[in-house]
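The sequence and the structure are shown first, and the description follows.

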Amino acid sequence: MDKSQNNRAWFLVLPVLVLVAFSAVIPLMTVVNYSVQDTFGNNAFFWAGLEWFEEIITSERIHAALGRQVLFTAIILAIQVPLGIFVALHMPKKGFWASLCLILMAMPLLIPFNVVGTIWQIFGRVDIGLLGRVLTALGFDYNYTSDWLDAWATVIVMDVWHWTSLVALLCYAGLQSIPEAYYQAAKIDQASRWAVFRHIELPKMRGVLLIAVLLRFMDSFMIYTEPFVVTGGGPGNATTFLSIDLVKMAIGQFDLGPAAAFSIIYFLVILLISWVFYTVMTNLDRETK
Amino acid sequence: MAEITLSKLAHSYFAKPRGEADFALKEMDHVWQDGGAYALLGASGCGKTTLLNIISGLVTPSQGRVLFGGRDVTRAPTAERNIAQVFQFPVVYDTMTVRENLAFPLKNRGRDAAYVARRVDQIAKMIGMESALDRRAQGLTADAKQKISLGRGMVREDVNAILFDEPLTVIDPHMKWELRTQLKQLHREFGHTMIYVTHDQTEALTFADKVVVMHEGRVVQTGTPEELFETPEHTFVGYFIGSPGMNLFDAEVQGETARVNGIDVPLGAAYPALRGRVQIGIRPEFVSLAAEGLPVTVTRVEDVGRHRILRAEAFGRPVNLLLPEGEAAATGQTRLRLAPEKINVYADDWRVKPLGQQRGA
């Protein structure tokens, strides 16, 4: 087993290095740059140290946005993961109806985010929207522009409509990989429906579920476009999630320093929570081994 | 435990079968006696697995009925039939330990913990996995997993029947022999009805009291290994059982004589006038070299250990015979004697009973 050593092989990595540098590292560095400097205009910057980070970490406004964000993501995961599994379990396994279901399920995923927002913005309006008018006609005092609970409900239902398909399709793929013999053996062993789910279907879905939870966590934690189009973060700050707040800070108030510090913390929080999810779920898998 | 009766049973995987060719199982009547050890033997794709799945309720037959001790269970779900089945490839519950896997069918039936523990220990001993009981089933090798599947099949004592669908395919040869012995012992101890599907004749003949041979969706013969050897009811049985299979010659049969390409061959009994394609069949064990008889050309001699097979050609068709120990192998042109009382006569592949045996036999 003689492996020849040739250090010139490192040159093969160079193109990727350059690409990553220009697409990720250098832009990120400009953010880092802003986060440690202050300016009074005229393109003159001076060193601010960790001032902006301290400001962001102690800011009550950011704390409130973070709280809303965590609540929103928790609700989204609590609805979409079980619902997605439920839908996947009840989809036809083959034939015409399976294909039709797959197409219908994939549709919401193909619609651009701002279009989704616009659809629901109009759908929920009490003057012309179908949903708004039906709810009003049924006697509900529904108005997502003035009532924070209505705004939350609308944004959550919209996200469930938009993204549950993703969880369902991933689970469906996991379920399709289970050989028929497993179901037959379970019937022979007189297993209950719950036992089939618990001991056959769930273990086979574990891998795709990990991916589904991670994707849904990251996406919902960074959600911007849809709630921005529907509620604009309101009423008041009721649906101002982290991204919306960040954009307000960076572009609305042009506070580049704090916004840059905010971005970096935001990024690290997502990285940290994703890592925690991943570690916990892979460890769960190993423990039961 | 119960006698299993298949009545006018037929199955097609097509919703609207058009003619017999669409049926995976042709119409059949068959009784599996309570406590019998059966082997279901046949080539791949002959409908063995379909038949098994119908008995266990995994497949609902398109026609006919399945009766367990007189009770019609044709439409009853698998769980209600209380039947055990082991599949060709291992099925284990990955997240459970070996112990939990073995206990699973008993737990589902709500047996008490002490009984479950005792029974699991017995089965673990039987499949030789006592030391691995607390390991997770996921990381085990294919043959260990198959042993677990076998164990799960045997763990319930009150099942109506245990069905084995080529269960030893993935097991290594030594373990195969041992497990087969265990199965036989289990059968003797508990007297479960056992149906063992295989396409390996050695496996079938060593396991079973009765062998059921299937061919193209039909049961062509049910009998003891001796019966299958001595009087194959169908040319397929002659060809499939025995190594090498039965020799067949096209012939004209008149009374006690068969004419094979102009050569008279004496038969052990008289036969009625026959229609269709008439053949005579004889096992290689009952063919010997002689001064008179069928002229053949020897092509080669094979030493297969226990005996030698002489391969020859008669009128362009292969003929085999087993050489007795010590007998010199012939070369070139020679003649063969067919023991008359061992010759069977076939019309359109089905055995014809000689005159005098027609009634009552």
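## Contact between the chains

In this predicted model, 25 residues of chain B and 20 residues of chain A take part in the contact between the two chains, where contact means heavy atoms within 4.5 Å. Tyr93(B), Thr95(B) and Arg136(B) together supply 28% of the area that chain B buries against chain A, more than any other three residues. The size of an interface is often given as the accessible area lost when the parts come together. Chain B and chain A bury about 1900 Å² between them, and 57% of this lies on carbon and sulfur atoms; buried area is the accessible area (1.4 Å probe) that two parts lose on being put together, summed over both.

Between chain B and chain A the count is 2 salt bridges, a salt bridge being a side-chain nitrogen of Lys or Arg within 4 Å of a carboxyl oxygen of Asp or Glu. Asp94(B) forms a salt bridge with Lys204(A), with the closest N and O atoms 3.7 Å apart. Asp189(A) forms a salt bridge with Arg152(B), and here the closest N and O atoms are 2.8 Å apart. This pair crosses between chains, from Asp189(A) in the loop between α8 (180-188) and α9 (193-221) of chain A to Arg152(B) in helix α5 (residues 142-154) of chain B. Helices (H or I, at least four residues) and strands (E, at least two) are DSSP runs, numbered from the N terminus. Asp189(A) is buried, with a relative accessible area of 4%, and Arg152(B) also counts as buried at 4% relative accessibility. Buried means under 20% relative accessible area, exposed over 50%, and partly exposed in between (1.4 Å probe, protein chains only).

## Basis of the model

Residues are numbered from 1 along each chain as its sequence is written, while chains are lettered from A and ligands numbered from 1 in the order in which they are written. The model is predicted, with local features needing pLDDT of at least 70, side-chain atom pairs counting only at pLDDT 80 or more, and totals for chains, interfaces and linings using all residues; side-chain values use heavy atoms, with hydrogens and water left out.

## Annotated spans of chain A

An unreviewed UniProt entry places the feature "transmembrane region" at residues 12-36, 70-89, 96-123, 151-175, 207-225 and 259-280 of chain A. UniProt positions are given in the numbering used here, feature names are shortened, and annotations may be inferred rather than shown by experiment. Residues 12-36 of chain A are 88% helix and 0% strand, and the end C-alpha atoms of this span lie 35 Å apart. Residues 151-175 of chain A are 100% helix and 0% strand, with the end C-alpha atoms 35 Å apart.

## Domains of chain B

Chain B is assigned domain 1 (4-83 + 159-239), domain 2 (90-154) and domain 3 (245-352), the bounds coming from an automatic or database domain assignment. The C-alpha centres of domain 1 of chain B and domain 2 of chain B lie 25 Å apart. Their contact takes 14 residues from domain 1 of chain B and 12 residues from domain 2 of chain B.

The area buried between domain 1 of chain B and domain 2 of chain B is about 1100 Å², and carbon and sulfur atoms give 69% of it. Val170(B), Gln182(B) and Leu186(B) supply 32% of the area that domain 1 of chain B buries against domain 2 of chain B, more than any other three residues. Across this interface the rule finds 0 salt bridges.

## Further salt bridges and cysteines

The structure holds 20 salt bridges over all chains. In chain A, Asp159(A), Arg216(A) and Asp219(A) are linked in a network of salt bridges. In chain B, the side chains of Asp250(B) and Arg277(B) meet in a salt bridge (3.0 Å, N to O). Asp250(B) lies in strand β11 (residues 247-250) of chain B and Arg277(B) in the loop between β13 (263-271) and β14 (278-282) of chain B, so the pair ties together parts that are 27 residues apart in sequence. Asp250(B) is partly exposed at 35% relative accessibility, and Arg277(B) is partly exposed with a relative accessible area of 42%.

Over all chains the structure holds 0 disulfides, a disulfide being a pair of cysteine sulfur atoms within 2.5 Å. Cys101(A) is in no disulfide, and the nearest cysteine sulfur, that of Cys171(A), is 15 Å away.
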